[in-house]
Amino acid sequence: MRECECGKIQRERIKRKQTFVAIPKEFEGQTVDNFRTDCYSTAQGRELAEMAKTIAKRYVEIFDEIRETNAKGLYFHSAVKGSGKTRLAVSIANDLISRKGVPVKFSTTIQILEQIKHTWGERARGRDEINQARTEERLIRELVSVPVLVVDDIGVEQPKDWVNERFYNILNGRMVKKQITIFTSNYRMEELQLDDRIISRIDKMALPIEFPAESVRAAISRKENDDLMDRLLGI
């Protein structure tokens with residue numbers, strides 16, 4: 001049997017979108033359905049994780065409706081690193097690409113700031129300030145215009161004036177254009193050390209979802225190793 005031409009075209013479209021999304025290799029192929037909640041050690045942790053998974057699954061299912069109405073994103077937060085919030089946010093992104101054909105971009109806040117600072121290097125290479133500004137403007141315009149933006153680890157950046165100004169421009173632009181933004185953070189919204197204008201926009205743009213205050217990264221790794229060992233031993 002041979003794959004039909006339309007199937008190849010669809011696979012290429014998904015591949016291009018996944019290239020644009022810039023998802024780390026470790027999260028490729030991760031979906032909401034295969035997000036595991038049995039690795040959390042407490043009943044409360046499993047309950048919070050199950051609730052987050054249920055919300056994420058439903059979010060993908062009714063995404064078109066959400067986009068047409070209030071364009072609300074999600075804000076996954078937990079004070080503990082490795083709690084699974086990035087994993088679930090990326091899973092939503094993967095599902096939106098594969099099931100809905102929606103262009104998505106994933107980036108950490110540090111990556112966004114580094115990309116912006118990189119445009120300033122144009123000045124050092126003999127470019128004038130106008131060209132440099134246009135380059136930065138183009139980058140911010142791309143971040144504003146993408147239909148879904150996953151902003152990972154917001155709150156870890158240094159709260160400097162230029163950082164606040166750039167994030168304000170990006171988030172305000174996305175709010176005005178009713179683009180969907182999904183955030184992950186180690187902080188509750190009200191704990192973010194950012195300009196009040198930015199926090200108020202995040203509050204307007206996203207529904208806060210609490211994650212368990214425990215790290216499951218090591219537990220998941222051990223479980224994966226056990227599963228692989230069982231397969232290798234034929235158990």
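Predicted model: local features only at pLDDT ≥ 70, side-chain atom pairs only at ≥ 80, totals over all residues.
Let me begin with the overall layout. The protein chain contains nine helices and five strands, and if you read along the sequence, these elements follow the pattern α-α-α-β-α-β-α-α-β-α-β-α-β-α. Of the 235 residues in the protein chain, 44% are buried, while the chain exposes about 13400 Å², with carbon and sulfur atoms supplying 49% of that area. As for contacts, if we take those in the protein chain with a separation of 6 or more, residues 24 or more positions apart account for 82% of them.

Now to the empty space. Rolling a probe the size of a water molecule over the atoms shows where such space is left. The largest cavity has a volume of about 30 Å³, and the residues that line it are Ile112, Leu149, Val151, Ile154, Phe167, Ile170 and Leu171. The elements that give two or more residues to this lining are E3 and H7, and H7 provides the largest share, with three residues.

The largest pocket, in turn, holds about 710 Å³ of space. It is lined by 26 residues, of which Glu26, Phe27, Gly84, Arg87 and Arg217 are the closest to its centre. Helix H4, which spans 85–100, strand E2, which spans 104–108, and H9 each supply at least two residues of the pocket lining, and the largest share, five residues, comes from H9.

Let me turn to charged pairs. Side chains of opposite charge can pair when their charged atoms come close. With a cut-off of 4 Å between a side-chain nitrogen of Lys or Arg and a carboxyl oxygen of Asp or Glu, the count for this model comes to 13 salt bridges. I will go through three of them and then mention a network.

The next pair is aspartate 64 with arginine 67, where the closest N and O atoms are 3.7 Å apart. These two residues lie in helix H3, residues 63–68, and they are three residues apart, which is about one turn of the helix. Aspartate 64 counts as partly exposed at 39% relative accessibility, and arginine 67 counts as partly exposed at 31%.

What about a pair that reaches across two helices? Glutamate 165 forms a salt bridge with arginine 197, and here the closest N and O atoms are 3.7 Å apart. Glutamate 165 belongs to helix H7 and arginine 197 to helix H8, residues 196–205, so this pair ties together parts that are 32 residues apart in sequence. Glutamate 165 is partly exposed, with a relative accessible area of 35%, and arginine 197 is partly exposed as well, with 31%.

As for the network, salt bridges link Arg36, Asp38 and Asp227.

Two places on the outside remain. In the loop between strand E3, residues 148–152, and helix H7, residues 161–176, we find glutamine 158. Glutamine 158 is exposed, with a relative accessible area of 54%, and its C-alpha atom is separated by 8.9 Å from that of leucine 194, which is 36 residues away along the chain.

The other place is a nonpolar patch on the surface, formed by Met229, Leu233 and Ile235, which together have about 370 Å² of accessible area. As to its place in the chain, isoleucine 235 is in the segment after helix H9, which covers residues 217–233.

Terms used
Residues numbered from 1 in each chain as written. Heavy atoms only, no water. Patch = residues over 30% accessible without salt bridge, like charges linked within 9 Å, V, L, I, M, F, W, Y side chains within 5 Å. Areas by Shrake-Rupley, 256 points an atom, 1.4 Å probe, with all protein chains shown as cover. Helix = DSSP H or I, 4+ residues; strand = E, 2+ residues; numbered from the N terminus. Buried < 20%, exposed > 50% of the residue type's maximum accessible area, 1.4 Å probe, protein only. Contact = heavy atoms within 4.5 Å. 1 Å grid on protein atoms, 1.4 Å probe; cavity = no way out; pocket = protein on both sides within 12 Å on 5 of 7 lines; lining within 4 Å. Points joined across faces, edges and corners; volume = space filled by probe spheres on them.
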